[in-house]
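Let's take a walk through this model together.

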Amino acid sequence: MIELENLTKQFGNRTAVDQLTLTIARGETFGLLGPNGAGKTTTIRMLTMLTKPTSGHIRIEGLLLPKNEKKVKALIGVVPQFFNLDNELTAKENLELHGRLHHMSVADRNERIEALLDYVDLADRSYDQVTTFSGGMKRRLMIARALLHRPQVLFLDEPTVGLDPQVRRRLWDLVRRMNEEGLTVLLTTHYIEEAEHLCSRVAILDKGRLIALDSPKALCRRLGRFVVEWPEGEETKARFFAAREEAASFAGQLAVAATIRHSNLEDVFVELTGRRVAGA
Ligand SMILES: Nc1ncnc2c1ncn2[C@@H]1O[C@H](COP(=O)(O)OP(=O)(O)OP(=O)(O)O)[C@@H](O)[C@H]1O
Ligand SMILES: [Mg+2]
């Protein structure tokens, strides 16, 4: 379980994360969504002890931070937004380094490295230098590294950014499989589809503040499950309805041709933040 209570981070007079309070249950795949600069990475960095909160509290599996830093470090795995593998080393050597940092025995380390390289489909590239890897392969290696010491909670900051749709889907399968095996996953994403596919619940952040928190389905339901869209000048107007009949009757009264479709998390996002999601 991950508990955030009034978590706040200020950089000078800019508030990156503002009084964030939420609880993520064990076994959830939880998504942090928000436009650029919303405070997603800063939140993950505080939760993974890479930066100190200005105020507020964090508990991971009941352990208060930063007091229990060592214990919590053993419980969590982190895949940061930007690549931080050692390019000069091979895949296996990168994992070995991580295993050493976590004081794993040689036997355990070797066994785990082999199993994980297999798990992320990189067994045949174990002895290749990371420089020779594609973006998707690097991302998978970073996931293998984050899982090496058997964490209970995995933090993924934009795990599929820059990957082609096929590789992205394979990574989703991997995340889903890890979650089914008992891992709690907290991820940030710009891809609404990713959040809809993977997340039991999402938090939408805007300017560091929590502006929505629920399952993707419930958020769509609250907005109205059906949306009517019609052109008006240069703009596309939209209106939400709980039932298809209401939507159809509204569309029927319009002077222009309208479309009716199911609402999605993108609509929720746009309604709440007034912005589209970059990259989606
Ligand atoms: N080290 C830092 N020093 C000063 N300001 C920072 C620092 N890190 C982040 N910020 C500011 O904090 C705010 C939140 O940034 P953060 O990186 O958490 O956003 P994000 O939601 O991860 O955005 P993105 O979608 O672009 O990754 C931004 O206004 C950013 O400029
Ligand atoms: Mg970020």
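**The sheet and its neighbors**

Six strands form an open sheet with mixed pairing, in the order 6-7-8-3-9-10. Strands here are DSSP runs of E with at least two residues, helices are runs of H or I with at least four, and both are numbered from the N terminus. Two strands pair if DSSP finds at least two bridges between them. At the edges sit strand 6 (76–79) and strand 10 (209–214), each pairing on one side only. From one strand to the next, the twist averages 15 degrees.

Before going on, a word on where this comes from: it's a predicted model, where local features need pLDDT of at least 70 and side-chain atom pairs count only at pLDDT 80 or more, while totals for chains, interfaces and linings use all residues. Residues are numbered from 1 along each chain as its sequence is written, with chains lettered from A and ligands numbered from 1 in the order in which they are written.

Now look at strand 9 (residues 201–206), which runs antiparallel to strand 10 and is joined to it by five bridges. Ala203, for instance, has Leu213 in strand 10 as its bridge partner.

**Around the ligand**

Which residues are around ligand 1? They are Phe11, Arg14, Ala16, Gly34, Asn36, Gly37, Ala38, Gly39, Lys40, Thr41 and Thr42, counted by a C-beta atom, placed from the backbone, within 6 Å of the ligand. Helix 1 gives the most to this shell, three residues, and strand 2 (14–24) and helix 1 (40–47) each supply at least two.

Technical notes: Axes are lines fitted to C-alpha atoms, for helices over the stretch in contact, and angles run from 0 to 180 degrees between N-to-C directions.
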